Amino acid sequence: MSSVVEQLEAALPRSEVSTDADVAQTYATDQAGFCRAGRAAAVVRARSVDSVQAVMRIASATGTPVVPRGAGTGLSGGANAVDGCIVLCLEKMDRILELDPSTRLARVEPGVLNGSLDRAARAHGLMYAPDPASRNISTIGGNVATNAGGACCLKYGVTRDHIARLVAVLADGSLIRTGADTVKNVAGLDLTSLLVGSEGTLAVVVEVGARLMPARPACGTMVAQFADLASAGRAIVELAGPRNLSKLEIMDRTTVRAVEAIANMDLDTSAAALLLAQVDTVDAPAIMAATEATCEALGATFVATTLDEREGELFMRARAMALPALEKQGHCLLDDVAVTIPRVPDLLELCAAVAERHQVTVGTFGHAGDGNLHPTLVYDAREPGQEAAALAAFDDIVAGTLKLGGSVTGEHGVGMLKRPHLARMLGERELGLMRGIKGVFDPGGILNPGKAY
Ligand SMILES: Cc1cc2nc3c(=O)[nH]c(=O)nc-3n(C[C@H](O)[C@H](O)[C@H](O)COP(=O)(O)OP(=O)(O)OC[C@H]3O[C@@H](n4cnc5c(N)ncnc54)[C@H](O)[C@@H]3O)c2cc1C
């Protein structure tokens with residue numbers, strides 16, 4: 001019997017299979033820290049559905065683990081290689097197959113970047129709504145597998161809300177088609193929704209039917225500064241519900257300082273928090289005026305509003321830089337937790353208290369309007385004790401979020417990073433059901449083993 005690699009080389013175009021150690025290293029991890037990565041037996045950069053099916057048939061017959069991979073921008077270790085696996089990379093399957101303005105549907109291969117689909121849609125007056133900050137570097141396949149969120153999810157929902165149907169390859173190499181193009185479809189169990197967010201553990205997504213919406217330009221943008229976190233938290237609760245904002249983002253002082261250090265945007269580095277709000281409806285002037293008044297009444301020390309789209313994007317640019325800016329300050333351990341809107345002030349307080357208790361730096365930023373924050377522990381790994389303190393603080397933030405009735409991950413997924421925490425959030429029966437469903441899709445347990453649940 002020939003080896004797995006020999007079988008892959010015999011079944012696939014030569015250019016798609018690599019056993020080079022440097023290539024394996026390049027594709028070994030995503031962007032999460034603290035997650036172990038194994039050594040792949042081969043990296044396959046598939047260019048066709050046939051290739052994906054061939055990989056899965058060989059893997060299934062030989063019991064070889066397969067780690068599906070998009071662009072590797074994940075933040076939970078979900079795409080990390082495991083020893084002896086095949087890393088099955090979908091980034092080369094990057095064609096927009098069809099975009100139909102009359103049905104507002106796009107049919108795309110999994111390696112299409114989110115931003116490329118959105119730009120193609122905008123040429124027809126449409127948009128692809130889910131907008132992870134990584135939209136120009138992450139793939140639709142990866143977004144589907146992680147059920148990616150973003151800033152405008154406050155108004156438009158997450159990836160799952162914008163996927164009509166999927167084509168996917170099962171562990172045994174067979175092809176399934178889920179969902180329908182129709183607006184309404186209640187035919188049977190919703191396998192599309194099940195696959196969205198399954199983190200490569202159930203099937204390999206090879207085609208995505210994405211729903212598009214009429215494009216909405218940002219009609220008004222507001223930036224407000226607060227002298228204390230509690231006032232910013234109260235403003236979030238007031239603004240998130242009734243105002244029909246399309247975005248409501250927060251950056252705390254640590255994050256603002258980090259952004260200012262790399263971008264010189266004249267941000268007030270003494271403010272405790274900065275809120276950024278955006279509206280995309282024609283009544284923007286009235287909504288912005290009311291939003292501004294609310295912030296001022298709740299103690300904002302500075303408020304500025306623009307109705308100019310380009311200027312609004314400049315305001316929002318500071319938020320897009322949050323993570324890269326914090327990464328310039330030291331080693332980062334990025335968290336991703338979610339609570340209901342009334343609990344956002346408590347979560348902000350929790351992060352500050354944890355920072356104080358463990359004497360670590362926490363930069364908190366995120367999608368305040370939907371309750372999904374990213375407290376980021378910044379530390380110097382060369383200093384004794386700092387990494388341990390960061391890990392302890394990370395644990396405390398997750399535990400505190402659970403006490404607030406929240407979720408251990410809002411949008412980055414469980415992957416490897418949040419696996420221990422998932423068991424604290426779900427019961428044994430719920431976890432057992434998830435594992436049972438995996439057993440139906442992937443009886444040999446070869447798809448992304450050791451990830452998620
Ligand atoms: C700077 C930065 C900002 C970010 N901002 C956001 C944000 O705002 N919101 C957000 O949600 N995330 C964000 N992320 C995280 C990341 O971009 C998302 O999780 C994204 O969806 C991952 O896409 P990817 O193509 O890189 O997938 P990968 O990282 O390659 O894979 C992610 C997971 O999906 C699986 N997978 C990938 N492709 C497939 C496929 N075709 N079939 C089956 N499984 C597959 C992998 O096995 C893995 O479990 C950010 C990351 C960075 C670096």
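Before the tour, some notes on the model. This is a predicted model, in which local features need pLDDT of at least 70 and side-chain atom pairs count only at pLDDT 80 or more, while totals for chains, interfaces and linings use all residues. Residues are numbered from 1 along each chain as its sequence is written, and side-chain values use heavy atoms, with hydrogens and water left out.

**Stop 1: the ligand**

Next, show the N and O atoms. An oxygen atom of the ligand lies 2.7 Å from a polar backbone atom of G70. At A133, a polar backbone atom is 2.9 Å from an oxygen atom of the ligand. At S134, an N or O atom in the side chain is 2.6 Å from a ligand oxygen atom. On its own the ligand has 970 Å² of accessible area, and the protein covers 95% of this. Such areas come from the Shrake-Rupley method with a 1.4 Å probe; for residues, only the protein chains shown count as cover.

Now colour the helices and strands (DSSP runs numbered from the N terminus: H or I, at least four residues, for helices; E, at least two, for strands).

**Stop 2: helix 4**

Select residues 114–122, which form helix 4. Which of its residues are buried? They are N114, G115, L117, D118 and A121. Buried means under 20% relative accessible area, exposed over 50%, and partly exposed in between (1.4 Å probe, protein chains only).

**Stop 3: helix 16**

Go to residues 428–441, helix 16, and select I437. I437 counts as partly exposed because its relative accessibility is 33%. I437 touches L194 and L202, not counting residues up to four places away in sequence; contact means heavy atoms within 4.5 Å. I437 and L202 are 235 residues apart along the chain, yet their C-alpha atoms are separated by 8.4 Å.

K438 is also in helix 16. K438 counts as buried because its relative accessible area is 14%. Beyond four places in sequence, the residues that K438 touches include L202, P443 and Y453.

**Stop 4: H374**

Select H374 in strand 19 (residues 372–379). Is H374 buried or exposed? At 3% relative accessibility, H374 counts as buried. The side chain of H374 makes a polar contact with the side chain of E411 at 3.0 Å. A polar contact is a pair of N or O atoms within 3.5 Å; within protein, one must be able to donate a hydrogen and the other to accept it, and residues adjacent in sequence count only if both atoms are side-chain atoms.
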